[in-house]
Amino acid sequence: AAAATPTSKRRRVVQRRRMDDPLNYQDYLQIEKLLDCQAPKSAEAGKEAHDEHLFIIIHQVYELWFKQILHELDSIRDIFKAEFVEEKLIGLAVARL
């Protein structure tokens, strides 16, 4: 049998946790799916670039932060769509910036 890798060990732990807890950290954050999102391409071209993995992760994180920024801006826009904006909502909008 093949040696267990850190990923296969983690998957077994995740599977055990799924049976014990209907909503757990790994499922809620879709950790397995998230960790499978990095697919370096340099090796396919014949020469693996060591820093490619870091490059992919950094840029994926940037994209997630951009998504969060848009989420916050959408919520602020929704606050200011109202005909009248309560003063307490101004503070909320500022906090979301």
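**Briefing: an all-helix predicted model**

The side chains of Asp74 and Arg77 meet in a salt bridge, at 3.3 Å from N to O. A salt bridge here is a side-chain nitrogen of Lys or Arg within 4 Å of a carboxyl oxygen of Asp or Glu. This is a predicted model: local features need pLDDT of at least 70, side-chain atom pairs count only at pLDDT 80 or more, and totals for chains, interfaces and linings use all residues. Residues are numbered from 1 along each chain as its sequence is written, and side-chain values use heavy atoms, with hydrogens and water left out.

**Overall fold**

- The protein chain has five helices and zero strands. Helices (H or I, at least four residues) and strands (E, at least two) are DSSP runs, numbered from the N terminus.
- Along the sequence, the pattern reads α-α-α-α-α.
- Of the contacts in the protein chain with a separation of 6 or more, 10% join residues 24 or more positions apart. Contact means heavy atoms within 4.5 Å.

**Confidence**

- The mean pLDDT of the protein chain is 88, and 78% of its residues reach 70 or more. The pLDDT is the predictor's confidence in each residue, from 0 to 100.
- Where pLDDT is low, the predicted coordinates should not be read in detail.

**Salt bridges**

- The whole structure holds four salt bridges.
- Asp74 and Arg77 sit three residues apart in helix α4, so about one helical turn separates them.
- Asp74 is partly exposed, at 35% relative accessible area. Arg77 is also partly exposed, at 46%. The classes are buried (under 20% relative accessible area), exposed (over 50%) and partly exposed (in between), with a 1.4 Å probe and protein chains only.
- Lys81 pairs with Asp78 in another salt bridge, with the closest N and O atoms 3.6 Å apart. These two residues are three apart in helix α4, and therefore about one helical turn separates Lys81 and Asp78.
- Lys81 is exposed, at 59% relative accessible area, while Asp78 is partly exposed, at 44%.
- Lys41 forms a salt bridge with Glu44, where the closest N and O atoms are 3.9 Å apart. Glu44 is exposed, with a relative accessible area of 64%.

**Surface and burial**

- The protein chain exposes about 8500 Å², and carbon and sulfur atoms supply 60% of it. Accessible areas come from the Shrake-Rupley method with a 1.4 Å probe; for residues, only the protein chains shown count as cover.
- Buried residues make up 12% of the 97 residues in the protein chain.
- A nonpolar surface patch is formed by Leu54, Ile58, Tyr62, Phe66, Ile69, Leu70, Leu73 and Leu97, with about 820 Å² of accessible area together. Patches take residues with over 30% relative accessible area and no salt bridge; like charges are joined within 9 Å, and nonpolar side chains (Val, Leu, Ile, Met, Phe, Trp, Tyr) within 5 Å.
- Leu97 lies in the segment after α5 (87-96). Leu97 is exposed, at 72% relative accessibility.

**A buried loop residue**

- Asn24 is found in the loop between α1 (6-20) and α2 (25-29). Asn24 is buried, with a relative accessible area of 7%.
- A polar atom of the Asn24 side chain lies 3.1 Å from the backbone nitrogen of Gln26.

Key: A polar contact is a pair of N or O atoms within 3.5 Å; within protein, one must be able to donate a hydrogen and the other to accept it, and residues adjacent in sequence count only if both atoms are side-chain atoms.
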